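This briefing covers charged residues, salt bridges and a few selected positions. Look at the sequence and the model first, then read the notes.

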Amino acid sequence: MAPKMYEFTQMFKDVQFKKDDILLDLGCGEGSLLFILAKKIKLGVGVDILKHCIDDAEIKANEIKHRVNVEFHCQKLEEIKFPSESFDKVVSFSMIEHIPNYLEIFEETFRIIKKGGELIVSVDSFSHFNEKQRAVHQKTFEVQKYFEKQELYDLLKEIGFSEVHVEPIFKSKFAKKWFTRVMNNPGEYFAWHKRLYSFFLYYVIHWHEKKIKRVEHGIFLIARCKK
């Protein structure tokens, strides 16, 4: 879907991947993001607590094992106990807002990232929606936590990350209108026929977002930082 395409490109627009990188995808789902990134790196590791998602990811991984090197874990991150400084990069695509113990997760990612490694995440903010609209979205999509820009920046700095950069995305009136429509009709977001115009919608979103300058609020936030 176009919004996810845009979110993906904004998350990784300034990220440099190396052939010897080991990367963790936190909340990997069926592995779509990891399979894309795994083409650029040495090893991609996916973690998710949903067994049916991990089962699907492993089926796909087996089909393309000659092209990418990946592995999957159906377990909570804090329970796996990866060795300290295991990963060059940890990424999470709109997942941390669904976890009640998000602070523990951020602290665990700091432990398992190598010195000089990177954390790249996107999270829900919905900072320019009112409380009623947030409540509808929270119930529909099972969101546990909405983040504000300064709050997320301060949290990552307090944990110990450096070079912290947090930016809002989906800042335009067009984006707000589109997401409002989806909240009122959640099935529309997943409708198959919407994929037919995803590329067109992507460029429409990009055009509207590019016009917005110096806005502190957005529907999502993207954070990049280093250990």
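Are Lys89 and Asp21 buried or exposed? Lys89 is buried, and Asp21 is buried too; buried means under 20% relative accessible area, exposed over 50%, and partly exposed in between (1.4 Å probe, protein chains only). This is a predicted model, in which local features need pLDDT of at least 70 and side-chain atom pairs count only at pLDDT 80 or more, while totals for chains, interfaces and linings use all residues. Residues are numbered from 1 along each chain as its sequence is written, and side-chain values use heavy atoms, with hydrogens and water left out.

**Salt bridges**

- The count comes to 13 salt bridges, a salt bridge being a side-chain nitrogen of Lys or Arg within 4 Å of a carboxyl oxygen of Asp or Glu.
- Lys89 pairs with Asp21 in one of them, with the closest N and O atoms 2.6 Å apart.
- Lys89 is in strand 4 and Asp21 in the loop between helix 1 and strand 1, so this pair ties together parts that are 68 residues apart in sequence. Helices (H or I, at least four residues) and strands (E, at least two) are DSSP runs, numbered from the N terminus.
- Glu85 and Lys227 form a salt bridge at 3.8 Å, N to O.
- Because Glu85 lies in the loop between helix 4 and strand 4 and Lys227 in the segment after strand 7 (220–226), the pair ties together parts that are 142 residues apart in sequence.
- Glu85 is partly exposed, at 42% relative accessibility.

**Charged surface patches**

- Lys19, Lys39, Lys40 and Arg67 make up a patch of positive charge on the surface. Patches are made of residues with over 30% relative accessible area and no salt bridge, with like charges joined within 9 Å and nonpolar side chains (Val, Leu, Ile, Met, Phe, Trp, Tyr) within 5 Å.
- Lys19 sits in the loop between helix 1 (2–11) and strand 1 (22–26), and Lys19 is exposed, with a relative accessible area of 67%.
- Glu79, Glu104, Glu107, Asp154 and Glu158 form a negative surface patch.
- Asp154 belongs to helix 7 and is partly exposed, with a relative accessible area of 38%.

**Two buried positions**

- Ser86, in the loop between helix 4 (77–80) and strand 4 (87–93), counts as buried because its relative accessible area is 17%.
- Pro168, in strand 6 (residues 162–169), counts as buried because its relative accessible area is 6%.
- Pro168 and Asp124 are 44 residues apart in sequence and 9.7 Å apart in space, C-alpha to C-alpha.

How values were computed
Accessible areas come from the Shrake-Rupley method with a 1.4 Å probe; for residues, only the protein chains shown count as cover. Lys and Arg count as positive and Asp and Glu as negative; His and the chain ends are not counted. The place of a charge is taken as NZ of Lys, CZ of Arg, CG of Asp or CD of Glu.
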